[in-house]
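Visitor: Hi, I'm new to this one. Can you put it up and walk me through it?

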Amino acid sequence: MQRSLVPQSAERLTLAGQTAAHHRTAHHKAAHHKTAKHTAAAPSILIVGNDGAAIAAIRDCALRLGHRVQDTRDVISALGLLDADRSIGAAFVDGGSPWFDGLALMERLHRTHRGLSCILFARNPEADDVVRALRLDAADVVTDPEDEAQIGRALARVRDGGEGGVAPEPVPVPGLPPVSPDNRDDALEQAYRHGLALVETV
C-alpha cells in the first residue's frame, strides 16, 4: 500500500506544480495585457515650456488621468528626451515662452516625429499662432493652461486621435458662409474659423 501511495503523491505534487505555474503564467499575461492597454490609452507626456503654473496644472491633470509626465524648459533637452524615450506619445509646447519659439519647435516635430501628437498651450494666443498650430496638425490648442477642462479635452483628443491628433470641429463665425471639408482650402478656412473662435473666448 505504501508503494502505491508514493507515485500517487508525486503525481499530485507534479500536477499541483503545473497548475500553479499555469496560474502564474496566466496572471503575468493578464498583467502585461493590462499594462499594455493602459500605456496605449494613456501615452507618456512631455511638457516643454517656461510657465511654471501652467506646467504644474498640466502635470497634475495628466497624472490624475494615468499618464507618465516629464517636463523640460529648453528645446535641446526636449529633443534629447524625445530621441531617448520612445514611449512619449504627446508633447505640450509652450507658445508663449520668451526663451524659444514654440511654434518653430512644433514645426520641427511635425517633420521629424510624425507619430507625436502636439498640443500648443499659450495664454491669450494670437489668431495667427492658433491657425499656424492647427495647420501643423496640432491635436489641440489650450488657451488657459490652468483650466483642467481644457487640458482634459486635449488629452482625450490625443488618446482618441492617434498620429496627428484630431482636427477640431469648425466653429461657425457670424458673417461668413459655411464651408464644406471637401478640399484643403476649406480645411484651412475651418482652421482659421476655429482660431478666431478660440481667441474670442479668451
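Guide: Strands here are DSSP E runs of at least two residues and helices are H or I runs of at least four, numbered from the N terminus. It's a predicted model, where local features need pLDDT of at least 70, side-chain atom pairs count only at pLDDT 80 or more, and totals for chains, interfaces and linings use all residues. Residues are numbered from 1 along each chain as its sequence is written, and side-chain values use heavy atoms, with hydrogens and water left out.

Visitor: How many bridges join β4 to β5?

Guide: Three, and β4 (residues 117–121) runs parallel to β5. Two strands pair if DSSP finds at least two bridges between them.

Visitor: And what's the order of strands in the sheet?

Guide: β2-β1-β3-β4-β5, in an open sheet with parallel pairing. β2 (69–72) and β5 (140–142) each have a single partner strand, so one side of each has no neighbour in the sheet.

Visitor: Which helix packs on the sheet, touching β1, β2, β3 and β4?

Guide: That's α2, residues 52–64. Touching means a contact, with heavy atoms within 4.5 Å.

Visitor: Switching topic, how many helices and strands does the chain have?

Guide: Seven helices and five strands, following α-β-α-β-α-β-α-β-α-β-α-α along the sequence.

Visitor: How much of it counts as buried?

Guide: 38% of the 202 residues, where buried means under 20% relative accessible area (1.4 Å probe, protein chains only).

Key: Buried means under 20% relative accessible area, exposed over 50%, partly exposed in between (1.4 Å probe, protein chains only). Axes are lines fitted to C-alpha atoms, for helices over the stretch in contact, and angles run from 0 to 180 degrees between N-to-C directions.
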